[in-house]
Structures are given as structure tokens and as C-alpha cells.
Amino acid sequence: MTDRPPRSGLAAVSTALLAMSRHLEVRDVLKTITASARELLDAEYAALGVPDDHGGFAQFVVDGVGEDQWKAIGPLPRQHGVLAAMLQDARPQRLADVRTDPRFGGWPAAHPELSDFLGMPIRDGDETIGALFLANKRCTAPERGRCGFTAEDEELLGILAQHAAIALANARLHERSRELTIAEERSRLAHELHDAVSQKLFSLRLTAQAAAALVDRDPVRAKDELQQVAVLAAEAADELRAAVVELRPAALDEDGLVHTLRTQIQVLDRAHTARVTFDSCGIRALPAAQEEALLRVAQEALHNALRHSGAGRVAVSLARRGQGAVLSVTDDGSGFDPRTVRRAGRHLGLVSMRDRAGGVGGRLTVQSRPGKGTTIEMEVPGG
């Protein structure tokens, strides 16, 4: 066995586990597990497959293969040969040369050449939810002219796989929770559309009917009614535009948190009579889950300020704090007594906002007094 670098054994496993715990998105967790396994065991290639119910893989993540080469390899692999053995038998597979195994069935022309191989199923109870594959162990002084994965490597990968199962299960729960939250938000928006836009359209219809009745006998009054029709139509369009902003998926990946927030706040400023402003300072890129949580909390706080508080001004700020960031949404509206938060919390979305903050390791504080406005602040730790 070759000497390992200082960051080996328990220390390396600890580093890998910490890396996995920083992510909540399933795709991010899969990538981190794969990269951590490859680094931990010093392998040339690593992959992680999540099986579907049709003999293939719902997701398949690789590390050590370039993007162009991965595209050239072609479609995702099927569950056959050694891959199927791990998913079906739920036992590790450590092979000196995968090409000589009777289950080996070849690979596409663009596929890298693999030799020594270590596979480890990822189990959640009795269910195999994924499988880790490592190939081509690297070493500086191979014994008898060759490298290969050892029993110690298998043990370390087994420990990593156990914790990977927890991280993956948590990420799935987070995504399901987020889907439920999105459904709740859409239901709330539907209610708001009914209350706001539908009422505007109803008034628009009545005013148009009045103008039609007056056009022959009182053209001056008919003209006034038609001007009111134009005002109501503009207000209805603004309400719809604001609702669409909340419904539209945020382009965080492409535009970043600051640009996405600024764009949405500009639309809200035009759509409402209240003055809505945004300021940012020293913001750096944050983990995707934290950026999404900040955006959703900002949207919920803005919704409360613009729909329920009667505010004339709403100020949103986003500033760097240490390695993380702090979001602040302040309004000069009617405010409320925080001691009644148990009763008012769900109506104002405070429960979901606290859940979002806690879900990414952040914290939410609420300052408010009746008649003195409200400030909602959310801080996240960064990455």
C-alpha cells in the first residue's frame, strides 16, 4: 500500500461530509458526493447514478470527465453489468480490472479507458437510492507495477456512502418541501388575483356599461366615464404584471440575486402607489439555496408591505455581512404587535419565512409596532 497524503482517512472523510452538508439542492448534493469520493480515494474518475424505475438512471453525475468528452460519450448508461450488480445485490464491487469481469459489456468509443474499479451502493434503509463508481486509482509508487483500490478504500467509501444517503435524503425532503411551498404561494396568488384583479375588471365592466348608456344623452359624462375606464384598465394591467413577476421563475442562475431582486422591485414600484426602492452593497455570490431563500423571503415581505400594511414607502437592502449577506425589508405601514405573531404569523407568511431562513442555516428577525411600520431582516452565513 502506498503512503497517503496528510489529508487522509478520518480527516478526509470529515472534509467530504462537511462539503456535502453545505448543499440542499439534489443536483448539488450529487455533484459534491461524486467529487468528494474521487478526491477522498484519489481516483482518476468518479460517477454517481440515481436509478429510475425503467432500467436506466434518472440522474448520472461524473467527475474527472470533461464536458466535451461527456457529450461525446452519448446517452446515459443503462442498468446492466457491474452497474446492475450494485443496484440489485447492494454489495460493494472491488475489481482489479473491470474489463476482465464476465459482466463487463464494453463502453462507447469516447468513453475513458477504465481498469481498477470500486463501486459502492448508497442505501436508504432497504432501498438502494444510488451507486458510487470509482475507477483508476492513482498512486505515486505502485506495488508490482500496478495500482488498485484497497480494503481501506472500500471501508472509507462505505462510510462516505452512508452519510451520502443522509445528505441525499435531506436534499429530496428539502425539494419536496419547496414544491409544497410553491404550491401554497400559487394558491395565495390566485386568491390575490381574485381579490384585486377581478374586482378591478368588475369595476371596469360597470364603468364601460355606464359610458355606453350615457354616450347619446350626456356625452360629457360619457367621456368622464371612459377616462375612468382607462384608469381602471391601467391599474388592472399593473396588478397582473406584479402577479406575473411573482409567478415567473426567478433567473437566479443567469442573472444573480442582486439583478433579479432589482428587476422585480422596479416592476413592483411601477405597479403600486407605494414607493419601492432597492439598494445593495458588497454582495458576493452565495450558495444557490441561500440565494433562492433570500429572494423568496424578500418577495413574501414585499407582498405583506404592499398588500396589507398600507405602506407609502418600502425600502429593500441587501448587504454583505462577513462571508454571508443580510436582507432587510422596511416599510412605513400599519405595523403589528410581534407578540401576536402566533395568530398573525401564518397570515403574514412569517412561519414560511422563518422556515426558509432556518432551512439554509440563516435566521429571521421581525421588528414591528402598531402604527410604526415593520422591518424584516434575514441573515445567511454564505458558503
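How many helices and strands does the secondary structure of the protein chain come to? The count is 10 helices and 10 strands, where helices (H or I, at least four residues) and strands (E, at least two) are DSSP runs numbered from the N terminus.

A note before the views. This is a predicted model, so to speak of local features we need pLDDT of at least 70, side-chain atom pairs count only at pLDDT 80 or more, and totals for chains, interfaces and linings use all residues. Residues are numbered from 1 along each chain as its sequence is written, and side-chain values use heavy atoms, with hydrogens and water left out.

**View 1. The whole chain, for orientation.**
Of the 383 residues in the protein chain, 43% are buried. Here buried means under 20% relative accessible area, exposed means over 50%, and partly exposed is in between (1.4 Å probe, protein chains only). The accessible surface comes to about 20300 Å², and carbon and sulfur atoms account for 51% of that; the areas come from the Shrake-Rupley method with a 1.4 Å probe, and for residues only the protein chains shown count as cover. Take the contacts (heavy atoms within 4.5 Å) between residues at least 6 apart in sequence: 63% of them join residues at least 24 apart.

A nonpolar core is a set of buried Ala, Val, Leu, Ile, Met, Phe, Trp, Tyr and Cys residues joined through side-chain atoms within 4.5 Å. The largest one has 36 residues, and L261, L327 and M378 touch the most other members. Elements that each supply at least two residues include α7 (252–271), β6 (275–281), α8 (288–307) and β7 (313–321). Helix α8 gives the largest share, 10 residues. Leaving out residues up to four places away in sequence, L261 touches F278, L295, A298, L318 and L327. There's also a second, separate core of 28 residues, with V29, L30, A46 and L160 among them.

**View 2. Strand β8 and its two partners.**
Strand β8 is mostly covered, with 7 of its 8 residues buried. Strands count as paired if DSSP finds at least two bridges between them. β7 and β8 pair in the antiparallel sense over 8 bridges, and A319 has V326 in β8 as its bridge partner. These two strands form a hairpin with 2 residues between them, and G322 in the turn has a positive phi of about 65°. β8 also pairs with β10, again in the antiparallel sense, over 7 bridges. Look for L327 here, whose bridge partner in β10 is M378; both residues also turned up in View 2, among those that touch the most other members of the largest core.

**View 3. Helix α2 and its buried residues.**
Helix α2 (residues 26–41) has 16 residues and reaches 23 Å from its first C-alpha to its last, close to the expected 22 Å, a span worked out as 1.5 Å times one less than the number of residues. Its buried residues include V26, V29, L30, I33, A37 and L41. I33 sits in this helix and is buried at a relative accessible area of 0%. The C-alpha atoms of I33 and A47, which are 14 residues apart along the chain, are separated by 9.2 Å. After α2 comes D42, with a positive phi near 55°.

Side chains of opposite charge can pair when their charged atoms come close. A salt bridge here is a side-chain nitrogen of Lys or Arg within 4 Å of a carboxyl oxygen of Asp or Glu, and the structure holds 12 of them.

- E67 and K71 form one, with the closest N and O atoms 3.4 Å apart. Both lie in helix α3 (residues 67–73), 4 residues apart, about one turn of the helix. E67 is exposed at 58% relative accessible area, and K71 is exposed at 58%.
- K137 and D153 form another, at 3.3 Å between the closest N and O atoms. K137 lies in strand β5 (residues 127–137) and D153 in helix α5 (residues 151–214), so the pair ties together parts 16 residues apart in sequence. Both residues are buried.
- R321 and E377 meet at 3.8 Å, N to O. R321 is in strand β7 and E377 in strand β10, so this pair ties together parts 56 residues apart in sequence. R321 counts as partly exposed at 36% relative accessibility, as does E377 at 24%. Salt bridges with shared partners join R321, R363, E377 and E379 into one network.
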